[in-house]
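Hi everyone, thanks for coming. Please have a look at the sequence and the structure while I talk you through a few places in them.

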Amino acid sequence: MEKICNYIGGKLVNPVDGKYMDNYCPSNGKPYSLVPVGSEDDVSAAINCAKRSFENWGSSTREYRYGWLMKLADAIDKNLEKLALAESLDNGKPEWLAKKIDIPRCAANLRFFATAILHLDSKSHNMDGEAMNYTIKQPIGVAGCISPWNLPLYLLTWKIAPALAAGNTVVAKPSEITPYTAYLFSEICIDIGFPEGVINIVHGQGDIVGASIVKNCDVVSFTGGTDTGRLVAANAAHDFKKCSLELGGKNPTIVFGDADFDLSVKNSVKSAFLNQGQICLCGSRVFVEESIYDSFKKSFIKEAKMLKVGCPKEVSTNLGAIVSEKHLNSIFSKIENAIKNGAIVAAGGKKVVLPGDLSSGYFMEPTVLLNTKNTDSINQEEVFGPVVTIMPFKNEKDLIKMCNDVKYGLSASIFSQNISKANRVAAKINAGVVWINTWLLRDLRIPFGGMKGSGLGREGGYYSLDFFTETKNVCFKIEKDDNK
Ligand code: NAD
């Protein structure tokens, strides 16, 4: 079986302890490669290389860093096919999705921050001729970038790109469940001769490799679950490290009686089930105004039943495999618990057994649950799978209470043709990202992030560059001209 390597100091290296664990293909449930079980020693080697490389990279020109990030983006484009197939193999997502969204977004992330750094301006404050202040943004040092399994290379590059553009070096850790494209990314870095030690990737478990990165790096950017985020925040707090946290969500999709009906059905189905419902922004609680609840519910269920769960290689597949057996079981146990609490399964709810080699894959039907209360755990805890509840609402006041009555606050989508009402509701929803009459329409410049249990800080555009830099003010006194 192929052995995935760590990428440290510009080289592919085996883990110091020589230990590996199986890496599974979710579509057939079989191990197909070996992932290093990294240790603190591996992280320490990576941190040392990143520190040494910071001496040059951290003081290099913006044009220099721009040049390397653009080369990396071009190389990702060249390897689009290979990376997309690998992402689908490792994660279970449809290949078309990886080709259309995941991998192009990796190149876009790199290009976006490569060019952004060229346009970053700075402030100055003139003290009426007596003195001048100017404010500079300096790289911090070694950035620890820790990412989850749902959008593996997409989210890894979303962190690496601004960290590098701002002049930091990086020690990154992809999820141990989906390490493969980060490994291919290391090979690409070597192929193009990317400066050694500027990007380092250590594979392994979160509580060892992840925790050690948090302890030893200078700034932490983390995306993952809320409980893990709490640990990361506590560990980073010990040394007052800057820490950005992008965590879980339990996002509402709101459909008013005056919404464009077809648009709202299409978007809310997509928002519930894209990437097997494994996107932090997925709308897993659909609130529908009473006047259209029955007709909306009927159309939503009809659309959900039409979605094809199938081989990730087929272009007609809507939902591929769930990322792991453990995660599949966790989704089913949450559905079972909801049923015990009175939920009615209106669509899905079962495992899908595909023919041949895929019969042991982790496939399940898109699932729609009715007759739930917002206070039920199915509406309070993140499922992070293709499971959605539909609930009616009477009026704006009740709606807003239900939307906000969760520990999360990542995103929301509102469907209404009354634009004043939609904006009024948007203002009252506790979420960092709100869409009106759309979902997942992303501009890389916008502040992206959540409130409450969904995280701390914002990523995107200037917000990421601000996060990955220290702000320093220099004040210099202007001597008076004594001859006057
Ligand atoms: P996770 O928290 O289990 O793991 C995320 C990463 O953290 C992995 O690389 C893991 O190895 C590492 N990790 C685990 N323990 C650690 C520790 N003690 N210290 C440091 N690192 C540690 O999350 P997951 O299951 O991989 O991903 C799913 C979660 O991610 C969901 O909750 C989802 O909502 C969230 N997510 C959020 C966003 C966002 O932008 N808000 C985006 C994608 C996913």
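I'll go through the domains, then a pocket, a pair of helices and the cavities.

First, some housekeeping. This is a predicted model, in which local features need pLDDT of at least 70 and side-chain atom pairs count only at pLDDT 80 or more, while totals for chains, interfaces and linings use all residues. Residues are numbered from 1 along each chain as its sequence is written, and side-chain values use heavy atoms, with hydrogens and water left out.

Let's begin with the domains, whose bounds come from an automatic or database domain assignment. The protein chain is assigned domain 1 (2-247 + 454-472) and domain 2 (251-436). Their centres, taken over C-alpha atoms, are 30 Å apart. Domain 1 puts 23 residues into the contact and domain 2 puts in 29, where contact means heavy atoms within 4.5 Å.

Now for empty space. Rolling a probe the size of a water molecule over the atoms shows where it is left. We use a 1 Å grid over the protein atoms alone: a cavity is a set of points where a 1.4 Å probe fits but cannot get out, a pocket is an open set with protein on both sides within 12 Å along at least five of seven lines, and lining residues have an atom within 4 Å of a point. Points are joined across faces, edges and corners, and a volume is the space filled by probe spheres set on them.

Where does the second largest pocket lie? Both domain 1 and domain 2 give residues to its lining, so this pocket lies between them. The second largest pocket holds about 410 Å³ of space. It has 15 lining residues, and those closest to its centre are Trp-96, Lys-270, Leu-274, Leu-307 and Asn-318. Helices H4 (95-116), H9 (261-273) and H10 (293-306) each supply at least two residues of that lining; helices (H or I, at least four residues) and strands (E, at least two) are DSSP runs, numbered from the N terminus.

H4 also meets another helix. The axes of H3 (residues 80-91) and H4 come within 8 Å and cross at roughly 115°. Axes here are lines fitted to C-alpha atoms, for helices over the stretch in contact, with angles from 0 to 180 degrees between N-to-C directions. Among the residues making the contact are Leu-80 and Leu-83 of H3, and Ala-98 and Ile-103 of H4.

Finally, how many cavities of 30 Å³ or more does a search of the whole structure find? It finds two. The largest cavity has about 90 Å³ of space, and Gly-277, Ile-279, Cys-282, Ser-284 and Phe-384 lie nearest its centre among 16 lining residues.
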